[in-house]
Amino acid sequence: MEYDISLDYDACATERERGCVKSGSDTIEATHDHSTAAAGGEAALGDSGSDHEIELKFVVPEGVLKGLSARLAALEGAAKRGRAARLVSVYFDTEDHALQAAGISFRIRRRGRGRVQTIKKDAGGAGLYDRLELERPVRSEEPSLTNEESAAIAEMLGGPLYPDHTLAPIFVTTVKRTIFDVARGEAEIEIALDEGIVEAAGRSASFHELELELKAGDAAALFAVAREAAGGTPFRLGVMTKSARGYALLEGKERSSYKEQDSPIVSGMDVEAAFRAVVSDCLAQYRLNEDLLLDKPGSKAIHRARVGLRRLRSAFTLFKAVISDQRSEAIAAEVKWLAGSLGDARDLDVFRGRLPEGDEIGAEGLAARTEAHRQDAYREALGAIRSTRAPALLLDLVEWTTIGDWRSNPETAEARAAPIERLAAEILDKRLKKLRKSGHGLSHLSPEERHKARIAAKKLRYACGFFGALYDERAAKRRDAFIELMTDLQDELGALNDIATARKLTTGLAREAGAERDGDAAFSAGLLAGKAEAGIDKLLRKAEKSLDRLCAAKPFWR
């Protein structure tokens, strides 16, 4: 069996036009074939003749760097001494960052007296990268393009750059790299330990990474060596390339969270490639927000991290028919654990926003008690994130997504190879039917039943997000209108759920305050609960109307 390891590689069917790329003072024309390729299906793992670079990337805690080189040298099959080098890479782009927008990085790297020019098309985002890579030695520090390179850039861009576009330097990375070669049976793996600095627009940031590149052989060896290299240390999957770090520094904005991006699923993908693209996308969203939480915990980051995990859980449900194997349920359970570990902190963030302000009786005492519980919840959430269990889960997930038995199950082979459009329509039909059933008579449902309706709405909303781009051309207006109705309903059901959660929290806080003879805080908690309950009927009516409008709307996928 061959393993295609691109988690979200977009090689869908496209038609390319004649175009040109201007580099410095040279303009090079390129003519393109009309070509098609199955999405995610270009590179077979271990194909040493491929122009694809296949690697696992980890973020390494600075405190373990000193002993890591010795551990890498002691790995079975490893070279006993690493090869050290200083690498200085200058990255180029157009003034409007057209290459960045297309996921292309263009650099010239200096090592000693030699220089290598590299063009990469990134496809990854969850620790595992499968990238189209074109590189060759050059003499100059100025970019130059062969016919093959300019054709590749134009194809990756999906059309020509304008003739007046010039590639210019935008940021620089300086890296101390130590390389260890590891041989495991037929597998050949190169391990690079990088200690680096990226500099852009007068700003700089340091980074420490461990990259394991599969040069030949089976992917299982890549993951086995990765675990041995970690040695129980919680290495975190890397989701930012060096070029992404440079662009982020260039932007100069401090992020508070990362929202989900446009769906990675595109027309032309098969079901298997679509699922793997979604997994990569969800993992990337979680990991970016996880890094923010580890650096500076905040309500937006914990919310978005949880959203990434909930989207991932929904993907397991939506694609269940084609991904089930002996490991899928255990991995899904671990994802549920990690998402759940962030739940109390998120609930208390929302609850804190409902607290009374000003000089109301007991408001200050209630706020203090809420904040104490919130800090405890954040400590528990960060404890889960910092444990060895969370990073191990993510590596297990990437491994299972890449080489799990589900990918070779003959019983689901036909379904996995089917166009994603077919399964998307089936899933959307099923989710809409489920919502209609669970939301029937919404205003008369118990809080527990309304919660089930909210979950059904959320899964339909996530499914719309995953598959919506498949209907850009023929049903874009209906899709956008449907998703707007979905958003309204989800907001209203979410507000009802927040009230139910607040009821539990205020009850607990009131009892706690009463037990400690803090009557003012207990009174404030009761008053807050009463105000929240007073808004239920109005919200229920709005939610029921939104559900009726949604059920009456024509599905955009039909």
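**Entry 1. Charged surface**

I take a helix to be a DSSP run of H or I with at least four residues, numbered from the N terminus. The model I consulted is a predicted one. I first looked for a patch of positive charge on the surface and found Lys320, Lys430, Lys433, Lys434, Lys437 and Lys452 gathered in one. Which helix gives the most to the positive patch? I noted helix α14, residues 420–438, which contributes four residues. I then looked up Lys437, which is found in helix α14. Lys437 counts as exposed, because its relative accessibility is 71% and the cut-off for exposed is over 50%.

**Entry 2. Nonpolar surface**

I next recorded a nonpolar surface patch formed by Ile361, Phe523 and Leu527. Together these residues have about 280 Å² of accessible area. Phe523 belongs to helix α17, residues 519–534.

**Entry 3. Strand β5 and its partners**

I asked how many of the eight residues of strand β5 are buried. Six are, so the strand, residues 104–111, is largely enclosed by the rest of the structure. I followed β5 to strand β4, residues 83–93, and found the two antiparallel and joined by six bridges. Within this pairing, Tyr91 has Arg107 of β5 as its bridge partner. I then turned to strand β6, residues 114–121, which pairs with β5 in the antiparallel sense over eight bridges. Here the bridge partner of Arg109 is Val116 in β6. The hairpin of β5 and β6 has two residues between the strands, and I noted a positive phi near 65° at Gly112.

**Entry 4. Positive phi outside glycine**

I checked Ala201 and found a positive phi of about 50°, although this residue is not a glycine. Ala201 sits in the loop between β9 (187–200) and β10 (203–216). I recorded Ala201 as exposed, at 51% relative accessibility. Arg517 is a residue other than glycine with a positive phi, near 60°. I located Arg517 in the loop between α16 (472–515) and α17. Arg517 is exposed, with a relative accessible area of 79%.

**Entry 5. Salt bridges**

How many salt bridges does the structure hold? I noted 38.

Glu149 and Arg136 meet through their side chains in a salt bridge, at 2.7 Å from N to O. Glu149 lies in helix α3 (residues 147–157) and Arg136 in strand β7 (residues 128–138), so the pair ties together parts 13 residues apart in sequence. I found Glu149 buried at 4% relative accessibility, whereas Arg136 is partly exposed at 23%.

Glu272 forms a salt bridge with Arg416, and I noted 2.8 Å between the closest N and O atoms. This pair links distant parts of the chain, 144 residues apart: Glu272 is in helix α6 (residues 271–295) and Arg416 in helix α13 (residues 413–417). Are these residues buried or exposed? I recorded Glu272 as buried at 13% relative accessibility, and Arg416 as buried with a relative accessible area of 7%.

Asp518 forms a salt bridge with Arg369, with the closest N and O atoms 3.4 Å apart. Asp518 is partly exposed, with a relative accessible area of 22%, while Arg369 counts as buried at 13% relative accessibility.

Lastly, I noted a network of salt bridges that links Glu55, Lys57, Arg177, Asp194, Glu209, Glu211, Lys242 and Arg245.

Note on methods. Residues numbered from 1 in each chain as written. Predicted model: local features only at pLDDT ≥ 70, side-chain atom pairs only at ≥ 80, totals over all residues. Heavy atoms only, no water. Patch = residues over 30% accessible without salt bridge, like charges linked within 9 Å, V, L, I, M, F, W, Y side chains within 5 Å. Areas by Shrake-Rupley, 256 points an atom, 1.4 Å probe, with all protein chains shown as cover. Salt bridge = Lys/Arg side-chain N within 4 Å of Asp/Glu carboxyl O. Lys, Arg positive; Asp, Glu negative; His and termini not counted. Charge placed at Lys NZ, Arg CZ, Asp CG, Glu CD. Buried < 20%, exposed > 50% of the residue type's maximum accessible area, 1.4 Å probe, protein only. Pairing = 2+ DSSP bridges.
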